[in-house]
Amino acid sequence: MPGWYFLLFWTGCSDESRQSNSTPGADLEAQGVPSLPLHRDAVFSLEGTDEGAETIENPAGVALSESGRLFIADRGWGQQTVHIFDPDGSHLGVLGREELDPTSWIRHIQVVGDQLYLYDNERLELMVYSVDTFEKTGSVQPDIHYREPNNRAVNRRPARLIARSDGRFLATYEEPLRVRDPNQQLQFRNPYRSLFYLMHADGTLDDSSEPLLQIRGERMTAFDVHFGTFGIERPTTAIPYLALATGDRMVLADPGSREVQIFTPEGEAELAFKWPEGYEEAAGLLTDDEGKIWMGMRVGEGRTDWIRFSEKGEALAVATMEHSKWQGGGLATRGLLAIFGGAFYIYEEERPGRGAVVRYLFGKPS
């Protein structure tokens with residue numbers, strides 16, 4: 001093996017999808033699924049405010065209160081904060097300055113009723129705020145002790161905590177898996193298993209608690225390019241996505257079976273439907289406030305089709321957006337953060353590391 005090589009970071013697609021001859025979205029068009037245009041409506045930016053930070057750098061997510069206030073969790077360099085905006089884009093203030101520090105790492109933000117939940121994965125704290133007064137009203141220390149399906153005791157901090165409507169939380173624990181590649185391929189393989197447990201409001205798990213769901217994923221983020229090697233093979237990426245739908249039902253995008261699976265709040269399988277044909281890989285999974293499921297599917301290097309499904313798996317509409325383009329001397333990205341009230345909330349970079357959240361309203365389907 002040559003001693004000189006480069007490491008190239010790239011999120012790729014599966015062999016199965018590369019071999020597909022289907023045109024992305026062709027089956028949706030054949031079914032008469034309408035396209036959903038997006039109209040730019042409002043910008044949520046720090047430009048012109050008296051905040052120390054000049055831009056939103058790396059949003060972990062957004063949450064919307066019933067009054068229309070938008071909460072943006074930003075994981076910028078040295079500024080782990082939550083910015084609050086009025087529906088028209090006016091900046092109202094900041095949460096988390098006293099609680100968060102440079103060692104924090106926000107993994108999830110969510111509004112349920114009149115409470116805002118903010119999970120700091122590094123400091124192992126779920127903070128609770130009032131969406132009206134912006135005051136901190138509570139704190140939960142999640143349990144790091146749980147048992148695997150084989151009853152082996154494990155200590156590991158939850159990767160995510162999602163609040164349910166019944167006052168409990170869905171806790172996600174990610175375990176690395178050791179897999180030896182007998183062929184000694186050049187790809188870097190990072191297999192892992194996600195376990196989803198039900199957590200009580202005080203952050204505890206029952207000792208006898210079994211996971212509601214478990215699924216294996218694989219992140220392959222790098223591979224070697226050796227001198228003298230012609231042709232670059234993009235590695236497989238298989239990342240499972242999970243979201244909560246109405247009634248605390250769980251929606252799971254399984255890259256192994258290429259299915260969207262819906263489970264009851266107790267973890268019982270309820271429904272499954274296949275991904276649309278012709279797409280390379282999933283880019284995300286979201287649910288909106290009407291209980292509809294949105295599946296993001298990548299098309300090439302710069303486009304994502306967000307497909308809206310009913311809770312029965314019927315494709316209802318598709319909205320197309322660019323997710324990256326060369327701009328300002330680098331690769332500027334766009335990412336869909338949430339869907340509320342008939343609108344996309346998209347993070348847009350003016351140039352790498354400098355951006356804002358933009359609201360796009362849905363137009364009339366065509």
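This is a predicted model: local features need pLDDT of at least 70, side-chain atom pairs count only at pLDDT 80 or more; totals for chains, interfaces and linings use all residues.

Trainee: What makes Arg359 and Asp41 a salt bridge?
Mentor: The rule asks for a side-chain nitrogen of Lys or Arg within 4 Å of a carboxyl oxygen of Asp or Glu. For Arg359 and Asp41 the N to O distance is 2.7 Å, so the pair passes. By this rule the count comes to 15 salt bridges.

Trainee: Where do Arg359 and Asp41 sit in the chain?
Mentor: Arg359 is in strand S29 (residues 354-362) and Asp41 in strand S2 (residues 38-44), 318 residues apart. Strands here are DSSP runs of E, at least two residues long, and helices are runs of H or I, at least four, numbered from the N terminus.

Trainee: Why does Arg359 count as buried?
Mentor: Buried means under 20% relative accessible area, exposed over 50%, and partly exposed in between, with a 1.4 Å probe and protein chains only. Arg359 has 12% relative accessibility, so it counts as buried. Asp41 has 37%, so it counts as partly exposed.

Trainee: How do you know whether Glu125 is buried or exposed?
Mentor: Its relative accessibility is 7%, so Glu125 counts as buried. Lys136 has a relative accessible area of 34%, so that residue is partly exposed. The side chains of Glu125 and Lys136 meet in a salt bridge at 2.8 Å, N to O. Glu125 lies in strand S9 (residues 125-130) and Lys136 in strand S10 (residues 136-140), so this pair ties together parts 11 residues apart in sequence.

Trainee: What about Arg164 and Asp248?
Mentor: Their N to O distance is 3.9 Å, so they make it under the rule of within 4 Å. Arg164 is in the loop between strand S13 (160-163) and strand S14 (169-176), while Asp248 is in the loop between S18 and S19, 84 residues apart. Both Arg164 and Asp248 are buried.

Trainee: And which residues do shared partners join into one network?
Mentor: Asp120, Arg123, Glu125 and Lys136.

Trainee: On to strands: what makes S18 and S19 a pair?
Mentor: Two strands pair if DSSP finds at least two bridges between them. S18 (residues 241-244) and S19 have four, in the antiparallel sense, so they qualify. Leu244 stands opposite Met250 in S19. S19 also pairs with S20, again antiparallel, over five bridges, and Leu252 has Gln261 in S20 as its bridge partner.

Trainee: What makes S19 mostly covered?
Mentor: Five of its five residues are buried. Met250, Leu252 and Asp254 are on one side, Val251 and Ala253 on the other.

Trainee: Last one: what is meant by a nonpolar core?
Mentor: It is a set of buried Ala, Val, Leu, Ile, Met, Phe, Trp, Tyr and Cys residues joined through side-chain atoms within 4.5 Å. The largest has 21 residues, and those touching the most other members include Val251, Trp275 and Met297. S23 (293-299) is one of the strands giving two or more residues, and S23 gives the most, with four.

Note on methods: Residues are numbered from 1 along each chain as its sequence is written. Side-chain values use heavy atoms; hydrogens and water are left out.
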